[in-house]
Amino acid sequence: MGLARSYAAELARLGHSQRTYDLYRMEFNPVLAGSELVPVSSDHPVSADVVRAQDDIRAADALTVIYPLWWLSMPAIMKGYIDRVFARGFAYESHGGVVRGLLGGRKSVLITISGAPLPLLVKSGNWNAVQILQDTHIFRSAGLELLEHLHFDEVVPQLPKAIAEQHMVRVQACARQHFHES
Ligand SMILES: Cc1cc2nc3c(=O)[nH]c(=O)nc-3n(C[C@H](O)[C@H](O)[C@H](O)COP(=O)(O)O)c2cc1C
């Protein structure tokens, strides 16, 4: 959460209003229930947590998503947020396998963390997989304009304080670069 806190604090300093979703602290339910898959009707209203998250995205100019790579993917709680909140009819439409994003007009920044060095991920082809599945298949497909995918590599337990501070500086610079003072 250190990166998220620094990033959010920098946005606030630039005069932007922002809302941080800490999915663990919110105990966000990541399970897309069968009842949420049926066409929404008064008998099957969209869950309140999903309505709130969708309203926040609708009202936002930009969405920044921060997570560590776990098995090259996003943690299950984050994936569950995408499953439930980036729902058909809200984040995308799909006809005959052709997806049209519905979140156009909004910017996004993706910030990820890995234990492995980035050059190793690139060499093995794993970074390409991350970019295809996450940058493009999720965020760009939903129509978001992906301004940057900022990645912090070699993040291990007991990271030296000086390195952690460099990461905070980098994440704040990212906020400043894309979101000037309002
Ligand atoms: C379940 C799990 C799976 C992970 N999988 C990967 C991985 O596939 N590739 C990688 O480079 N790092 C992997 N890591 C390391 C994390 O990306 C990250 O470096 C580490 O969790 C430090 O971040 P944190 O302090 O926010 O937990 C994994 C960590 C966990 C706990």
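Where is the place of glutamate 154? In this predicted model, glutamate 154 sits in the loop between strand S5 (145–152) and helix H6 (161–178). Its phi is near 55°, a positive value in a residue other than glycine. Most residues other than glycine have a negative phi. Glutamate 154 is partly exposed, with a relative accessible area of 46%.

Glutamate 27 also carries a positive phi, about 50°, although it is not a glycine. Glutamate 27 belongs to the loop between H1 and helix H2 (48–59). Its relative accessible area is 70%. Glutamate 27 therefore counts as exposed, since the cut-off is over 50%.

Leucine 3 lies in helix H1 (residues 2–13). Its relative accessible area is 11%. That value is under 20%, so leucine 3 is classed as buried. Residues up to four places away in sequence aside, leucine 3 touches Ile66, Ile113, Phe152, His167, Met168 and Val171. Leucine 3 and glutamate 165 are 162 residues apart along the chain, yet their C-alpha atoms are separated by 9.8 Å.

Aspartate 135 is placed in helix H5 (residues 126–140). Aspartate 135 is buried but forms no salt bridge. The nearest side chain of opposite charge is that of arginine 140, 4.8 Å away. With neighbours within four places in sequence left aside, the contacts of aspartate 135 are Leu110, Val130, Arg140, Leu146 and His149.

Terms used
Residues numbered from 1 in each chain as written. Predicted model: local features only at pLDDT ≥ 70, side-chain atom pairs only at ≥ 80, totals over all residues. Heavy atoms only, no water. Helix = DSSP H or I, 4+ residues; strand = E, 2+ residues; numbered from the N terminus. Buried < 20%, exposed > 50% of the residue type's maximum accessible area, 1.4 Å probe, protein only. Lys, Arg positive; Asp, Glu negative; His and termini not counted. Salt bridge = Lys/Arg side-chain N within 4 Å of Asp/Glu carboxyl O. Contact = heavy atoms within 4.5 Å.
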